[in-house]
Amino acid sequence: MDTNRFIALVDLDAFYASVEVLEDESLRGKPLLIGGNPRQRGVVATASYEARAYGCKSAMPVSQALRLCPEAILIRPRFKLYKEYSDEVMGLLKKESEVFQQVSIDEAYIDLSSKCNSEKNAIQITRRIKALIHVGIGLPCSVGMASNKTVAKIACEQAKPNGFKAVRIGQEAEFLKNLKINTLPGVGPQSAKRLNSFGFYKI
């Protein structure tokens, strides 16, 4: 019996900003900040990749982001609209696999193990799902595929923006060995600093 597992993580890139571009094509290619009023200590919910090039990022005070990128376009969040797009994507993913786990409004895992008879088949299906989201719905997304969730998550991060990366079965250790310790999900700056103090710098 084939016990190989094929887990894919689908992550919608700069999701709120991507939705705003879909709603208003004139925003495409421009630095966008989705966030609150800078005069009321608003924070950035999402920065487009054009804004990220200036150092803007999520959870940063909007006032700071605007100093880094004065030409950025600030848009107030429209969470109801974002949920509608999220529901459309998640509905598509649920149709592809009965083993489904949504982890945020813009991110979900699907298990294709029972649906695919080979790794090649799993990669083909995952690429098709990515195309359905990007071309069919209009939202760019990054996708990582591996034999488990942790490696799929790291592969997805490596694929950003709007890319696809599959870590083949048996190649997990080779893929991970030279990555910095803070590449592991859940290892933040403080945890990384502590691990470094014990001599751990790479996975």
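Predicted model: local features only at pLDDT ≥ 70, side-chain atom pairs only at ≥ 80, totals over all residues.

Trainee: OK, so which elements do the buried residues of α5 pack against?
Mentor: They pack against β1 (7-12), α1, α4, β6 (107-111), β7 (141-146) and β8 (164-166). Among the buried residues of α5 are I123, I125, I129, I133 and I137, along with E119 and K130.

Trainee: What span should α5 have, and how far apart are its end C-alpha atoms?
Mentor: With 19 residues (119-137) at 1.5 Å a residue, α5 should span 27 Å, and its end C-alpha atoms are 26 Å apart, which agrees. After α5 comes G138, with a positive phi near 105°.

Trainee: Switching to α1 and α4: at what angle do they pack?
Mentor: About 90°, with the axes 10 Å apart. The two helices are therefore roughly perpendicular to each other.

Trainee: Which residues meet there?
Mentor: From α1, F15, Y16, V19, E20, L22 and E23; from α4, F79, L81, Y82, Y85 and S86. By class, that contact has eight nonpolar residues, one polar and two charged.

Trainee: And the three-strand sheet, what's the strand order?
Mentor: β3-β2-β4, an open sheet with mixed pairing. β3 (44-47) and β4 (73-75) are at the edges with a single partner strand each, so one side of each has no neighbour in the sheet. The average twist from one strand to the next is 25°.

Trainee: In which sense do β2 and β4 pair?
Mentor: Parallel, over three bridges. I34 sits opposite I75 in β4. Helix α1 packs on this sheet too, touching β2, β3 and β4, and its direction makes about 115° with that of β2.

How values were computed. Residues numbered from 1 in each chain as written. Heavy atoms only, no water. Axes fitted to C-alpha atoms, helices over the stretch in contact; angles between N-to-C directions. Helix = DSSP H or I, 4+ residues; strand = E, 2+ residues; numbered from the N terminus. Parallel < 35°, antiparallel > 145°, perpendicular 65-115°, else oblique. Contact = heavy atoms within 4.5 Å. Nonpolar A, V, L, I, M, F, W, Y, C, P; charged D, E, K, R; others polar. Expected span 1.5 Å × (residues − 1). Buried < 20%, exposed > 50% of the residue type's maximum accessible area, 1.4 Å probe, protein only. Pairing = 2+ DSSP bridges.
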